[in-house]
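Visitor: Hi, I'm new to this one. Could you put it up on the screen and walk me through it?

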Amino acid sequence: MGKIAFLFPGQGSQTVGMGQALADSEQSVSETFKKADEVLGESLSTLIFEGPQEKLTLTTNAQPALLTTSIAILNYFSQFGIKPDFTAGHSLGEYSALVAAGAISFEEAVYAVRKRGEFMEEAVPNGEGTMAAVLGMNRQKLMDVTLTVSAGGKPVQLANLNSPGQIVISGSKSGVEEASVKAKEAGAKRVIPLDVSGPFHSSLMKPAAERFEFVLDKIAIKDAAVPVIGNVTAEPMTEASEFKKRLVEQLYSPVLWEDSVSKMLELGVDTFIEIGPGKVLSGLVKKVDRSAKTFAIYDAETCAAAVAALEEEKE
């Protein structure tokens, strides 16, 4: 049997009611939600379970909500004794990956991502920055487009390199709009504007990164028990000092997700278990390598199915 990676989703996967059925039936899961409420001094769990969706989707709420739900589901899944050889998370999901790898406590991670969300919201006035997904275009060609537009004084850059033919660009509203037009002219199949509150993973996030560094200084980051494949480098990391440096850089650097999946495949991973709401990452893994085994665990049924399949493989 090959190696196993645990993957954790990022912003955009949040839905009202995520994790609720498990929390209602499992003490370890409801405890995680309660812990988040205590750390933040407010009822995040009520917002997660009851909504409204608009409020849940705000960056300051979505980030701690997704982290909490992912770790709650992880705590439930852990009782079945399946352990990862690597962990990885998409953008915000990197914090869940660090908790899963033992590098940061859940409580400190919830506090950190709430601050991260606040700083990201405040870095660029609403409406001045945006993001768009570019489909069916080569990475280098799209990078050339963004460099040309940025050189003209409208910052825009590659933000999420998700899978072959799916790249998200981010930056100033005028920069993203101009790059979208130029990308289509240069052969992109489609460009889809994203409904986001800011230009995440672009140079416009540097003010947020500077503020966030002080938050990370205050929390205890340890060496990881299993390697975490980082967004910024797409390489395995285990050292506390590197985690801190990369978490700051991650705010304004592209998420190298396709490269991260390729790296895990290269390191012998053949089973990817997505833990948290939705199955976006499982889909992206399949676009990188159709033969990879993927499981998305978000409730008791999907957990039972994954455990059964993995047990069967062992035999």
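Guide: Helices (H or I, at least four residues) and strands (E, at least two) are DSSP runs, numbered from the N terminus. This is a predicted model, where local features need pLDDT of at least 70, side-chain atom pairs count only at pLDDT 80 or more, and totals for chains, interfaces and linings use all residues. Residues are numbered from 1 along each chain as its sequence is written, and side-chain values use heavy atoms, with hydrogens and water left out.

Visitor: OK, which residues lie nearest the centre of that largest pocket?

Guide: Gln 11, Gly 12, Ser 13, Leu 194 and Val 196, out of 34 lining residues. On a 1 Å grid over the protein atoms alone, a pocket is an open set of points where a 1.4 Å probe fits, with protein on both sides within 12 Å along at least five of seven lines; lining residues have an atom within 4 Å of a point.

Visitor: And how much space lies in it?

Guide: About 800 Å³, counted as the space filled by probe spheres set on the grid points, which are joined across faces, edges and corners.

Visitor: Switching topic: is Ser 170 buried or exposed?

Guide: Ser 170 counts as buried because its relative accessibility is 0%; the cut-off for buried is under 20% relative accessible area, with a 1.4 Å probe and protein chains only. Ser 170 sits in strand S5, residues 166–172.

Visitor: What lies 3.2 Å from its side chain?

Guide: The backbone oxygen of Pro 199 is 3.2 Å from a polar side-chain atom of Ser 170.

Visitor: Now the core. Which residues have the most contacts inside the largest one?

Guide: Phe 6, Phe 77 and Ile 273, in a nonpolar core of 71 residues. Such a core is a set of buried Ala, Val, Leu, Ile, Met, Phe, Trp, Tyr and Cys residues joined through side-chain atoms within 4.5 Å. Helix H5 (residues 59–78) brings the largest share, nine residues.

Visitor: What does Ile 273 touch?

Guide: Leaving out residues up to four places away in sequence, its contacts (heavy atoms within 4.5 Å) include Phe 6, Phe 77, Phe 295 and Leu 310. There's also a second, separate core of 18 residues, with Leu 158 and Ile 167 among them.

Visitor: Last one: where is Val 228?

Guide: Val 228 is in strand S7, residues 228–229.

Key: Buried means under 20% relative accessible area, exposed over 50%, partly exposed in between (1.4 Å probe, protein chains only). A polar contact is a pair of N or O atoms within 3.5 Å; within protein, one must be able to donate a hydrogen and the other to accept it, and residues adjacent in sequence count only if both atoms are side-chain atoms.
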